[in-house]
Number of protein chains: 2
Amino acid sequence: MKHVVLTIGRTFGSGGRLIGKKVAEKCGMTYYDKELLELAAKESGMSLDVLENIDESAGNSLLYTLSTGGAHLLGAHFAQTAEPPLHDKLYIAQANIIKEIAAKESCVIVGRCADYLLRNMEECIKVFIYAPSEARIKRAVEVYGIPENKAADQIRKIDKKRSGYYNFYSGKKWGNLDNYHFSVDSSLLGIDATADMIAEFVKQRAELLGK
Amino acid sequence: MKHVVLTIGRTFGSGGRLIGKKVAEKCGMTYYDKELLELAAKESGMSLDVLENIDESAGNSLLYTLSTGGAHLLGAHFAQTAEPPLHDKLYIAQANIIKEIAAKESCVIVGRCADYLLRNMEECIKVFIYAPSEARIKRAVEVYGIPENKAADQIRKIDKKRSGYYNFYSGKKWGNLDNYHFSVDSSLLGIDATADMIAEFVKQRAELLGK
């Protein structure tokens, strides 16, 4: 298959991560999610335990951000400014890794502003996966073992963290149609059929790019 | 195939209308777009020529809207208030027709707030089709014969009209992911393959609903 990269944004409990894994298997692509953290820890010398706690969280570094002219310009300004806070260091480390792996291999990348980072790459297919509340609560309880009376709150918190991270570092709005090529409510067909459909989309796009 | 209804929202020049037609053919569903206007003219006794000029346009009826407590409540208040302006009469006529046909037959309905009107219908699949500027300008020139130097402006105007209509009558935001089950950039695979994918989605959803 021609070199393509699939990025997946996802609301918590929509099954986006599992769909990404299944698409990677079906299309023979490498799958990156938490793996990016390990690579970031290795490359930066930061502790994996520390990084796990701040993964996909926006920094609170208002002064630092102002001094760099906006968080989404971090990369460009990093070299000229003082040492950035940990959240921003992790973002920069993961951003560099995402660009490196996307350039060298066909892969699926979940979360971490990958669609934004790779927005100018023709081989990138940007997908967003979501689902209505009921389906997500069901999944949060069954798959993640979250107590039913806490699931809605937990979903809200994790989505807030993800959207905060995305909006802060990209300067764009998480879940806004303009950022994606393809968005789907995974509850309509379920995880497997949704993964099949996205895999088919990826294969057809790869074929077109190969022509 | 089990009874399902596909609604298609679309940005101008994305090929959404043609994709809708192709899906209708592939799935053996009736296709409704301008046909809804003819039905509305017949049912209301209004002139088709007049209706064509105001199709998918929001009314300017601020006083009337305030008196009815918001445009998206029009239906409920219509019976209790004075005769509404023509834009609103057309909206109400089309809304009634959309609900009637959706209840009785498998069909594809393009535009006209159909996703909003049928939001509580389990058999409804809500799709939004869009494409980047370059692809839409190309299509506006080639398919609609709009001069190239006027295409971008024309696209902007028509989208503004469509979003104005949708936002005014639904109280929601046109092109906002939450309103749809499935959104796709038609430029990635092209019209035919996008139609194939949506047809497959519709067939699988119908099968699930039939179980």
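Predicted model: local features only at pLDDT ≥ 70, side-chain atom pairs only at ≥ 80, totals over all residues.
Good morning, colleagues. I start with the relation between the two copies.

Next, the contact itself. Chain B contributes 16 residues to it and chain A contributes 16 residues. On the side of chain B that touches chain A, two elements, β5 (182–185) and α10 (191–210), each supply at least two residues. Which element gives the most to this side? The answer is α10(B), with 6 residues. Sorted by class, the side of chain B that touches chain A consists of 10 nonpolar, 4 polar and 2 charged residues.

Strand β5 also pairs across the two chains. Residues 182–185 of chain A form β5, which is joined to β5(B) by 3 bridges, and the two strands run antiparallel. As an example of the pairing, F182(A) has V184(B) as its bridge partner in β5(B).

I now turn to the interior of chain B, and to helix α9. This helix covers residues 148–170, 23 residues in total, and spans 33 Å from its first C-alpha to its last, close to the 33 Å expected at 1.5 Å a residue. Which of its residues are buried? They are A151(B), I155(B), R162(B), Y165(B), Y166(B), F168(B) and Y169(B). After α9(B) comes G171(B), with a positive phi near 70°.

Finally, strand β3 of chain B, residues 107–110. In a regular strand, side chains alternate between the two faces of the sheet. Here C107(B) and I109(B) point one way, V108(B) and V110(B) point the other way, and all are buried. β3(B) has parallel pairings with two strands of chain B. With β1 (residues 5–10) there are 4 bridges, and I8(B) has V110(B) as its bridge partner in β3(B). With β2 (residues 30–32) there are 3 bridges, again parallel, and the partner of Y32(B) in β3(B) is I109(B).

Thank you for your attention.

Terms used
Residues numbered from 1 in each chain as written. Chains lettered and ligands numbered in written order. Contact = placed C-beta atoms within 7 Å. Nonpolar A, V, L, I, M, F, W, Y, C, P; charged D, E, K, R; others polar. Pairing = 2+ DSSP bridges. Expected span 1.5 Å × (residues − 1). Buried ≥ 20, exposed ≤ 12 C-beta atoms within 10 Å, placed from the backbone.
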